[in-house]
Amino acid sequence: MVSEGTTAKRVVDEVSGWLRVFDDGSVDRTWTGPPEALFLMEPVPPFDTPRDGVTLHDLPGDPSLRLYLPSPPPPEGRREPLPVFLHFQGGGFCISRSSWLMYYQFYARLAASVPAVVVSVELPLAPEHRLPAAIDAGFAALLRLRALARDPEVELVRSVDFSRVFLIGDSSGGNLVHLVGARAWEEEEAFWSPLKVAGGILLQPGFVRSTRSRSELELRADSVFFTLDMLDKLLALGLPEGATKDHPYTCPMGEAAPPLEKVRLPPFLVGVADRDLIRDANLEYCEAMKKAGKEVAVVISEGVSHSFYLNKFAVDNDPTTAKRTEELIAAINDFVRLH
């Protein structure tokens with residue numbers, strides 16, 4: 001009920017199920033979609049008693065980090081320093097938190113399987129913090145890792161190989177892998193030493209153009225987690241004011257972006273799902289990167305759609321999703337071992 005003399009807030013923009021923007025600039029991210037999906041958005045609290053092959057630790061700061069540590073560690077004598085995944089969550093730059101179950105169930109499994117330390121970054125969200133805020137946070141997270149790598153008093157330093165840091169991102173987090181990777185590789189090796197960004201893993205990155213691709217026009221959305229309307233609205237809220245989807249942040253292979261030939265980048269692995277609405281833009285990006293002489297490996301997951309591996313219900317109950325997730329983890333493992 002609105003009190004006398006006050007005015008009710010008015011919704012001025014909405015992404016159905018996910019987000020409402022009010023006329024006073026405030027944002028409500030209460031989930032209003034199918035209640036059976038809500039469990040995927042439940043935050044997983046940190047814990048130091050091993051489960052799912054990891055322990056989970058939060059490091060508050062700017063930005064805050066979440067660490068997945070494989071546990072128990074390998075036996076003495078087989079214990080090699082572990083590579084690091086620096087993880088950027090997706091959500092169209094506007095929604096989702098790195099603490100959500102959907103991320104935990106995959107990245108705990110990845111940390112235990114490789115094995116590797118996974119460091120998830122708590123990214124600032126648009127529209128309160130439009131791009132490049134998330135890019136700046138990703139770069140700042142790398143600087144936090146560099147500070148840890150240079151501190152001999154940090155116990156983590158003795159078990160981690162900071163010369164093998166791999167950026168990894170889901171959906172729009174994949175965009176950040178490209179953008180943060182490019183910014184990191186602008187610096188000389190001495191700037192980062194002993195840390196090195198050894199590679200990047202882009203999982204169904206949110207690359208698009210203003211004009212619809214064939215896959216956007218012909219494929220049917222099969223989940224409330226990714227529709228064309230959702231894609232358009234989230235990017236409109238996440239990109240700088242007035243920008244279109246042809247902006248370099250969402251179309252690094254486009255005419256408005258720096259020529260890829262002139263952008264220094266680490267080796268990349270790109271995961272593409274053949275039922276993904278933005279499959280064709282993902283493939284266009286891969287071809288443009290290869291044409292520019294970049295080292296790019298591609299893994300195509302058949303019969304699944306955008307960010308399939310984050311849907312725990314499907315991973316646990318659908319044999320195709322389970323198999324493709326297993327294959328994706330194997331491909332990531334192979335990429336890391338090669339670099």
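**Strands, rings and a pocket**

Modeller: Let us begin with a hairpin: strand 5 and strand 6 form one, with five residues between them. Helices (H or I, at least four residues) and strands (E, at least two) are DSSP runs, numbered from the N terminus. The model is predicted, so local features need pLDDT of at least 70 and side-chain atom pairs count only at pLDDT 80 or more, while totals for chains, interfaces and linings use all residues. Residues are numbered from 1 along each chain as its sequence is written, and side-chain values use heavy atoms, with hydrogens and water left out.

Colleague: In which sense do strand 5 and strand 6 pair, and over how many bridges?

Modeller: Two strands pair if DSSP finds at least two bridges between them. Strand 5 (residues 54-59) pairs with strand 6 in the antiparallel sense over six bridges. Within this pairing, L59 stands opposite L65 of strand 6. Strand 6 is also joined to strand 8 (residues 117-121) by four bridges, again antiparallel; here the bridge partner of L65 is V121.

Colleague: How many residues of strand 6 are buried?

Modeller: A residue is buried under 20% relative accessible area, exposed over 50%, and partly exposed in between (1.4 Å probe, protein chains only). Strand 6 (residues 65-70) has five of its six residues buried and is mostly covered.

Colleague: Which residues cover the two faces of strand 11?

Modeller: In a regular strand the side chains alternate between the two faces of the sheet. In strand 11, F268, V270 and V272 lie on one side and L269, G271 and A273 on the other, and all are buried. Because six of the six residues of strand 11 (residues 268-273) are buried, this strand is largely enclosed by the rest of the structure.

Colleague: With which strands does strand 11 pair in the parallel sense?

Modeller: Strand 10 pairs with strand 11 in that sense over four bridges, and G200 has F268 as its bridge partner. Strand 12 (residues 296-301) runs parallel to strand 11 and is joined to it by six bridges; L269 has A297 as its partner there.

Colleague: What is the order of the strands in the open sheet of three?

Modeller: The order is 1-2-3, with antiparallel pairing. Strand 1 (11-15) and strand 3 (27-28) are the edge strands, each pairing on one side only. Strand 2 (residues 19-22) and strand 3 are joined by two bridges, and the partner of R20 in strand 3 is D28.

Colleague: How is a pair of aromatic rings described?

Modeller: The description uses the distance of the centres and the angle of the planes. Rings of Phe, Tyr and Trp (its six-membered ring) pair if their centres lie within 6.5 Å; planes under 30 degrees apart count as stacked, over 60 as edge-to-face and the rest as tilted. The structure holds 13 aromatic pairs. In one of them, the ring centres of F106 and Y107 are 5.0 Å apart and the planes stand at 85°, so the pair is edge-to-face. F106 is buried at a relative accessible area of 1%, and Y107 is buried at 0%. F207 and Y285 form a tilted pair, with 4.4 Å from centre to centre and 40° between the planes. F207 lies in the loop between strand 10 (197-203) and helix 5 (214-218) and Y285 in helix 7 (residues 279-291), so the pair ties together parts that are 78 residues apart in sequence. Both F207 and Y285 are buried.

Colleague: Which residues do ring pairs link into a cluster?

Modeller: The cluster consists of F106, Y107, F308 and Y309.

Colleague: Where does the charged end of R51 sit?

Modeller: A charge sits over a ring if NZ of Lys or CZ of Arg is within 6 Å of the ring centre and within 35 degrees of the ring normal. The charged end of R51 sits over the ring of F47, 3.8 Å from its centre. For R183, the ring is that of F139, with 5.5 Å to the centre.

Colleague: Which residues lie nearest the centre of the largest pocket?

Modeller: On a 1 Å grid over the protein atoms alone, a pocket is an open set of points where a 1.4 Å probe fits, with protein on both sides within 12 Å along at least five of seven lines; lining residues have an atom within 4 Å of a point. The largest pocket is lined by 34 residues, with S223, F225, F226, H306 and S307 nearest its centre. Helix 6 supplies the largest share of this lining, four residues.
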